[in-house]
Amino acid sequence: MLYESHMMPWLALRGLAIDLTASLGTTDRYQRLLEVVRSVIPCDATALLVVRGSELCPLAVQGLSPQVLGMRFTVADHPRFETILRSATPVRFPASSPLPDPFDGLVEGVQLDVHDCLGCPLVAAGQVIGVLTADALAVDAFDGLGDEFLVALGALAGAALHTAQLIETLEAVAERRGLVVQELTRGHGYANGSQMLGVSTAMERVRQEIEAVATTEFPVLILGETGVGKELAARAIHDGSRRREAPLIQINCAALPEGVIESELFGHVRGAFTGAVANRAGKFELADGGTLFLDEIGELPLGAQAKLLRVLQEGEVQRVGADQPIRVDVRIVTATNRDLANEVACGRFRADLYHRLDVFPLRIPPLRERRADIAILAGFFLDRYRVQLGLPKVVLTAAATATLESGDWPGNVRELDHVIARAALRAQMREPASPSIKIDALDLDPNLARAPVSHDQLPHKVARGYVTLRDAIEELKHDAVTQTLEETGGNWAEAARRLGMDRSNLYHMARRLGMSA
């Protein structure tokens, strides 16, 4: 029995070595590594982090809050991580260590500090590429571990991480050659801020659909409420396409006055109109060879829609005031929070353009449909505002996390971002001298978990960016007509009189609002 007990850790390492040659996905490989660590080390939590420049970025965690996956740890701000990265062998940090632990207060299910910690630098080809940590709430939990075993664990863990990184590199090369490959790492888009974080089923579906359509030339219509991350989805599509080395040009159709839309999209020549003092390329020319992302496409006026359709059909643009067309090779990605099919039925959007754009509709789910991602997103925003506010450490209490996860989130991820920013500032004001700021439920917006904002708060919804002014007005008109008809027993003539309208105008407005008249 003593022999078997002594051999069990080494048998676990043998299993880890076998995993190095197994055809595991990257995420599965990381989780298997952490499972081995927890099976042979008496710890409450463990984490695998990769070196990216001056930061350590979590790839997988077990026993820690999901918000950790959204955090980025600047090495210079965390002396324990700095010590581990500078060491050639595993490092132990006893309960008496004066160095703060990065995961204090983040062990899942408790709001306690770590009392025993060890870290292994992960080395490949002579370079430290990551860190493996184990944390225990008990004092001296790791005293029985031999140094020889920890060195072997660190070596195999480094080999596992290096193997996963090599697989990712090979897949990137294969994708550039046009091969259809399966993305191994989910949600690790660190470059250019295009991070589609989340582990929910809804976000996994979105990632799979993006992966499928990115390598095609299909036009993509991204659908979703305000604040769900439609721009990030557009960037992910571009980054996964054969056009990734060419530019991604974005234009917000709702932000352009009608008089300049044509010039912005197609360009103009000198003297074409007052103020055209020089030739200017439009967004289509700038995006040649790459992707043009037309955000808020539902706001494009009908006149501009006709000209956009002609460009899509012919592959040519003509600058305002020019005689000759210019050939362009552009992939179109569009986004809207409107129901374009309904806009077509109401005569506000061209049916032929809609069918050109709607080749592959991609719906981004609202935050209320992906509550499993809220803690991860909160961790990401927390880390960003920690840096902006110059705070040493900011964590969410269990009560705050539960409140966030029960919210209605009419503004979706954008609203969550703003809520976290305000909460971090309030917590700092409440505990100005504390080395570790804990955001509690009382630091969050007081009406966070209430029912969706009612119609008498439409100005609030517009000002916060939850809905556009046009949508708010249409919503108010619909409700006013509905309520008036109810109060008049369906008498359209009386309803028109109370609303101060001509009856035929009321009929016309009702049909436009999708009501039976």
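Me: What makes the crossing of helix 5 and helix 6 right-handed?
Reply: The rule looks at the near helix: clockwise from the far one by less than a right angle is right-handed, anticlockwise is left-handed. The crossing of helix 5 and helix 6 falls in the right-handed class. Helices here are DSSP runs of H or I, at least four residues; strands are runs of E, at least two; both are numbered from the N terminus.

This is a predicted model: local features need pLDDT of at least 70, and side-chain atom pairs need 80 or more, while totals for chains, interfaces and linings use all residues. Residues count from 1 along each chain, and side-chain values use heavy atoms, without hydrogens or water.

Me: Why is helix 5 called oblique to helix 6?
Reply: Helix 5 (residues 201–214) and helix 6 (residues 230–239) pack at about 40°, with axes 8 Å apart. Under 35 degrees is roughly parallel, over 145 roughly antiparallel, 65 to 115 roughly perpendicular, and the rest oblique. So helix 5 is oblique to helix 6.

Me: Which residues of helix 5 and helix 6 meet?
Reply: Ile 210, Val 213 and Ala 214 in helix 5 meet Ala 233, Ala 236 and Ile 237 in helix 6. Contact means heavy atoms within 4.5 Å. The contact has six nonpolar residues, no polar and no charged.

Me: Why is strand 2 called largely enclosed?
Reply: Buried means under 20% relative accessible area, with a 1.4 Å probe and protein chains only. Seven of the eight residues of strand 2 (residues 55–62) are buried, so strand 2 is largely enclosed by the rest of the structure.

Me: How do you know that strand 1 and strand 2 pair?
Reply: Pairing takes at least two DSSP bridges. Strand 1 (residues 45–52) and strand 2 have seven, in the antiparallel sense. Val 50 stands opposite Cys 57 in strand 2.

Terms used
Axes are lines fitted to C-alpha atoms, for helices over the stretch in contact, and angles run from 0 to 180 degrees between N-to-C directions. Ala, Val, Leu, Ile, Met, Phe, Trp, Tyr, Cys and Pro count as nonpolar, Asp, Glu, Lys and Arg as charged, and the others, Gly among them, as polar. Buried means under 20% relative accessible area, exposed over 50%, partly exposed in between (1.4 Å probe, protein chains only).
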